[in-house]
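Subject: Structure for your review

Dear colleague,

Please find below the structure that I am handing over to you. My notes on the fold and on the charged pairs follow it.

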Amino acid sequence: MSEGKVTLGSPVTALYGVGPEAARKLAKLEISTVFDLLTFIPRRYNDWSNVARIDECEEGREISFLGTVTTAPVRKGFKKQSPVSFYVSDGTGRIELSYFNAPYILDKFMVGDKIFVHGTVSYYGIHAQIVNPFCEKAESSDELRLVRPVYHLTAGITSNMINKWALTALKLVKNQIPDVIPASLRESENLCSAAEAYEWVHAPSSIAEAAAGRRRIAFEELILLGIGMKYFMATGGPDEVAPVVISSGSLSSDAAMRWKTVVGNLGFKLTGDQRKALSDIQQDLMVSKPMNRLVQGDVGSGKTAVAILSMAMAAIMGKQSVLLAPTSVLAKQHYDSACALLEGSGINVALLLGKTKASLKKEIKTQLREGEASVIIGTHAVLTDDVQFNDLSLVIADEQHRFGVKQREKLLISRDGSDGVNAVHNLVMTATPIPRTLAMVIYGDMATSVIREKPAGRKEIQTHFLPYTDGQDIYNVLIAKLRKGEQAYIVCPRIDDDSEVVAPDEYYYDDLLEIPGVEKPSEAVSVKTMKKRLDDHGISEKYETAVLYGSMKETAKLEVMERFLSGEIKVLISTTVIEVGVNNPNATMMMIMNAERFGLSTLHQLRGRIGRGDKQSYCVLCSDSKTEQALSRMKLMCECSDGFELAGKDLELRGPGDFFGTRQHGIPTLRAANLFTDAPLAKVACDEVNKLFAQGGKEANNLMNNIGTMFRLRFADKMGTL
Ligand code: ADP
Ligand code: MG
């Protein structure tokens with residue numbers, strides 16, 4: 001424990017009881033500072049305030065009471081599995097508490113201990129008992145907290161721990177929380193104070209109080225994001241760009257020819273929505289105000305073609321553009337698509353990856369500086385290098401994984417390395433169904449183009465559920481597909497049996513970990529185990545199988561991908577590395593092992609890897625989980641194939657704050673605000689602050705300072721790690 005004063009920005013280890021091990025686990029929940037802990041809002045509450053006492057213990061009734069242990073815990077039987085039980089009394093009666101699979105209870109309680117108990121009464125014969133109740137030591141009824149927060153969890157961390165730490169933290173810092181909400185808004189919206197809000201969400205005396213606390217924190221969060229992004233993440237460059245003039249009227253015949261060549265290379269007709277997006281982009285490119293546009297289209301809607309055609313437009317007018325992909329596999333794939341599409345148009349394409357050999361990199365950089373290559377494709381790594389451009393005018397970020405603002409800033413500055421920084425047109429492509437209001441809050445005045453229409457001839461993917469993760473059926477369906485010459489993905493939640501589960505669904509653990517004796521998550525199938533199973537079943541003998549995961553060497557990954565795209569590898573067994581962007585229209589089958597471990601957004605993204613051609617594709621979700629939550633999510637996946645609709649459902653299942661894997665898509669996780677339903681709040685809040693800023697004065701200045709401080713603490717400092 002540190003000696004100094006604990007502040008909002010202190011690391012969690014500054015709190016009594018939080019050691020390095022706990023800090024490491026908390027980091028998985030994105031909690032690293034004291035303020036992170038405070039803003040870690042419970043995902044729901046157990047309301048035990050309206051329940052019965054021991055003398056009212058009918059079968060099936062939920063009761064809670066403060067009682068005294070009257071007999072020491074003993075094992076009832078001789079087997080290891082025999083339950084441990086003891087009696088408690090609350091003055092109205094006496095009842096037996098029985099624990100299965102919880103031997104630690106033997107040492108936990110002694111006769112005379114005062115304990116708080118919550119559980120559901122069951123009978124055997126005439127004998128009443130509570131099986132596996134919630135139980136904790138509590139001295140008096142003033143300490144009783146009948147509304148219990150339940151948080152998102154990770155292995156080794158319980159809701160009680162987080163709650164205790166959050167309350168410890170609050171005690172230490174509650175007088176240091178700067179207010180970011182204007183007084184006028186506090187009044188008109190009837191909001192409580194910041195300190196109250198945090199107290200109410202972590203230790204509410206009623207559900208209504210918790211809701212009022214959350215509402216206030218949601219306002220804070222939306223103001224920080226909306227205003228913070230606008231004032232504290234500005235790129236600082238001038239806001240004029242040289243227009244990239246493209247209009248068919250004034251196109252030279254040479255330019256027109258080249259454009260025709262490119263369009264001819266497409267090999268398909270653009271959908272109406274793709275054409276609309278392109279014309280939006282073209283309009284934007286023709287004015288000197290930098291474009292700031294988001295192209296939103298569900299997986300498989302054909303965003304790549306729109307991106308490459310936009311770059312071709314710029315190139316034909318003599319301008320350079322950059323397409324940024326989140327992974328090298330994806331960058332390579334875009335590069336191949338661009339080469340095919342731009343063939344014969346005289347437009348040179350360059351690929352720049354972090355792993356590109358130094359000598360080659362140097363050569364490519366020269367090409368970029370001299371303007372020889374005008375379509376540049378790379379990973380975000382290209383931005384960290386000292387890349388200079390001849391005449392860069394368009395930057396496209398595909399699958400906007402990392403917020404982007406900081407990277408774009410870097411790119412702008414590196415453009416010529418001097419003060420003469422020029423702004424560029426920005427285009428962001430995403431499959432995340434971001435509501436318009438959210439896009440406005442996060443990206444400021446961002447315009448959106450939506451691609452809803454799927455390319456013609458696509459068949460809807462059929463999704464099925466198999467209630468196990470091993471079995472002959474799995475291999476039979478797989479072989480049936482392979483026989484037809486089609487290819488398959490198998491996705492597993494971890495690399496090998498010792499490695500951590502790649503995508504544990506935090507909320508999957510929530511309830512399971514806290515209840516003693518309840519079935520723990522089943523073993524997760526690993527990529528390597530799956531490979532071995534295919535070998536053992538003789539599948540690998542007939543059809544080439546290969547593995548792919550993030551920690552493989554970059555060159556090995558690219559090679560496997562290449563061989564999978566060329567059809568040589570028939571079955572690709574991988575982790576979620578293939579989640580983003582990978583495009584192999586001949587892959588028509590996807591099996592997802594331990595599907596319960598993945599969030600709906602991940603499942604939807606994964607599933608988006610198939611159904612990309614005109615053949616019928618199948619997605620098989622394999623899971624032996626029997627929890628209601630897991631089953632309801634599998635059912636949803638089988639019934640629903642629309643990203644936007646799933647996003648809404650995901651939100652319902654996960655609770656506020658965490659919608660559709662926002663983190664994966666580079667949008668900072670919102671913890672209190674629900675951006676589907678709180679979007680109007682965002683607008684009210686940001687409008688009010690902007691109004692105040694426009695008036696100026698002392699309150700405005702203070703508020704500006706506070707928002708700056710809190711924005712950095714809550715979002716900006718974290719963007720590097722997003
Ligand atoms: P995403 O929007 O998920 O990035 P892609 O751009 O990777 O989707 O496109 C998916 C597949 O659809 C690719 O194989 C692409 O060539 C194809 N495609 C894109 N547009 C059309 C279209 N208008 N008609 C037919 N196929 C198309
Ligand atoms: Mg894509």
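Among the contacts in the protein with a separation of 6 or more, 75% are between residues 24 or more positions apart; contact here means heavy atoms within 4.5 Å. This is a predicted model, in which local features need pLDDT of at least 70 and side-chain atom pairs count only at pLDDT 80 or more, while totals for chains, interfaces and linings use all residues. Residues are numbered from 1 along each chain as its sequence is written, chains are lettered from A and ligands numbered from 1 in the order in which they are written, and side-chain values use heavy atoms, with hydrogens and water left out.

The secondary structure comprises 25 helices and 22 strands, taken as DSSP runs (helices: H or I, at least four residues; strands: E, at least two) and numbered from the N terminus. Of the 722 residues, 54% count as buried; buried means under 20% relative accessible area, exposed over 50%, and partly exposed in between (1.4 Å probe, protein chains only). The protein exposes about 30,400 Å², of which carbon and sulfur atoms supply 52%, by the Shrake-Rupley method with a 1.4 Å probe.

I turn now to the charged pairs. The count of salt bridges comes to 32, each being a side-chain nitrogen of Lys or Arg within 4 Å of a carboxyl oxygen of Asp or Glu.

Two of the pairs involve helix 7. Glutamate 220 and arginine 216 form a salt bridge at 3.1 Å, N to O; both lie in helix 7 (residues 207-232), four residues apart, about one turn of the helix. Glutamate 220 is buried at 4% relative accessible area, and arginine 216 is buried at 0%. Arginine 714 and glutamate 221 meet in a salt bridge at 2.6 Å, N to O. This pair links distant parts of the chain, with arginine 714 in helix 25 (residues 698-719) and glutamate 221 in helix 7, 493 residues apart. Arginine 714 is buried at 5% relative accessibility, as is glutamate 221 at 3%.

A further salt bridge joins aspartate 470 to arginine 533, with the closest N and O atoms 3.6 Å apart. Aspartate 470 lies in the loop between strand 17 (462-466) and helix 16 (472-483) and arginine 533 in helix 18 (residues 527-536), so the pair ties together parts 63 residues apart in sequence. Aspartate 470 is partly exposed at 42% relative accessibility, whereas arginine 533 is buried at 18%.

Finally, salt bridges that share partners join Asp179, Arg186, Arg216 and Glu220 into one network.

With kind regards
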